[in-house]
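Here are a few notes to read alongside the model. Please keep the structure open as you go through the points.

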Amino acid sequence: MSSFVKRRGAVSIKGTRASLHSGQAILSSGNPSLDHVFGGGFPIGSVIAIEEDKYANYSRVLTKYFLAEGIVNNHSLLVASLEEDPVQLMKKLPTPVEDIEPERTAQNQAPEEMRIAFRYNKLSVVDLEQKSSTQLGHFFDLSKQIEESELSKHDITYWDGAQCSPDSSKTAISATFQSLLDAIHLKSKQPQFDQSNTEVKEKNLLRICLNSIGSPLWYDRSFPSHLVKFLTILKSFVRNTLSCCLITLPTHLFHHLDSDYHHLHERLLGQVDYCIALESFAGSDKETNPVFKEYHGLLDIVKLSALNTLAAFVPETRDLAFKLRRRKFVIEKLHLPPELGEEKDERGQKKIATGMSCAGGGGGSKLDF
């Protein structure tokens, strides 16, 4: 008997491609730098969690990227939020940048042509903001919002909690969570087809975006247990359909709910496949620290899963930072400046350097190694 097995054809959906690491179909989060950190994209059927920053400014930007990528690829969308009107959230999506050829041309210059920034020729892809030929996602301009007429052409379902039923005695979770699960289940059961292709009905992808699940508007007496049950059922929905879910969680508020906060956090991580945490410098000492003057916050990879593969993708580094420019959100490796030269005060004594050094000396650095 032959040991060769005929390889099945992969599912061909617009906006997806086979992963270079695992061979499974992946999709883009809408931000090429975030895709690069996780090996090029996220697998279909995965649940991605974002632990929000303190004011949810930067997590909302990543949410807009995720939805805007779905609009560009004509994916079906389900947007749920209690914090703000999901219709208004969709109207704030950025527009795609079509003309990026001049930037790619400048990137592909020969080393001798880049006389001033010659040292940047050796930077890795993440530092050059992932402008490569293998890129899956698109570039978006955060300074320009999408036109409302464009949204009417797409298959978008909104959920704002108005469909909740007050009677939750027959369910194991609250009425709010049950209403959201019913909306997701109904949407996932509907056949998803590419709306832009009127001649041939091709299978399409469903993008589920749940904004700020766990904010005070969701609280009740049994909120921690209901949230874990909700994520468990949600994960089964996403696994058995051609869909991907992005959920943002204000975990910095959860310590007010449960005395055993770390146990709750571990239970939540067990129900998601990928998780990142955003730490904003706004309102902290790091905002004025010259070491971090080039960035607006830190990005921590909390969880990586080996979804449908034997080994999870291992990123080059976990020391990541982000900065929000006027038109784009960029994730880079955390590059710390070199230690500054010695300075003397009025009495001629040496001042403590404001830079960082790994050597153990008398310096009073704010970051210890």
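1. How many bridges join strand β11 to β12? Six bridges do, linking β11 (residues 274-280) to an antiparallel β12. Helices (H or I, at least four residues) and strands (E, at least two) are DSSP runs, numbered from the N terminus, and two strands pair if DSSP finds at least two bridges between them.

2. Before going further, a word on the source: this is a predicted model, where local features need pLDDT of at least 70, side-chain atom pairs count only at pLDDT 80 or more, and totals for chains, interfaces and linings use all residues. Residues are numbered from 1 along each chain as its sequence is written, and side-chain values use heavy atoms, with hydrogens and water left out.

3. Stay with β12 for a moment. Three bridges join β12 to β13, again antiparallel. Leu299 of β12 stands opposite Leu278, and Leu299 also stands opposite Leu320 in β13. Five of the seven residues of β12 are buried (under 20% relative accessible area; exposed is over 50%, partly exposed in between, with a 1.4 Å probe and protein chains only).

4. Now look at the loop between β12 (297-303) and β13 (320-324), where you will find Pro315. Pro315 counts as buried because its relative accessibility is 12%. Leaving aside residues up to four places away in sequence, Pro315 touches Val37, Ile301 and Leu304; contact means heavy atoms within 4.5 Å. Leu304 is 11 residues from Pro315 in sequence, and their C-alpha atoms are 9.6 Å apart.

5. Next, the helices. α6 (residues 175-189) and α7 (residues 223-239) pack at about 5°, with axes 10 Å apart; axes are lines fitted to C-alpha atoms, for helices over the stretch in contact, and angles run from 0 to 180 degrees between N-to-C directions. That makes the two helices roughly parallel (angles under 35 degrees). Residues of α6 that meet α7 include Phe177, Leu180 and Ile184, while α7 contributes Phe230 and Leu234, among others.

6. On α7 itself, the buried residues include Phe223, Leu227, Phe230 and Lys235. Among the elements covering the buried residues of α7 are β4 (47-51), α6 and β10 (243-249).

7. Three strands form an open antiparallel sheet in the order β1-β2-β3, with β1 (16-18) and β3 (42-43) as the edge strands, each pairing on one side only. Two bridges join β2 (residues 25-27) to β3, and Ile26 has Pro43 as its bridge partner in β3.

Terms used:
Angles under 35 degrees count as roughly parallel, over 145 as roughly antiparallel, 65 to 115 as roughly perpendicular and the rest as oblique.
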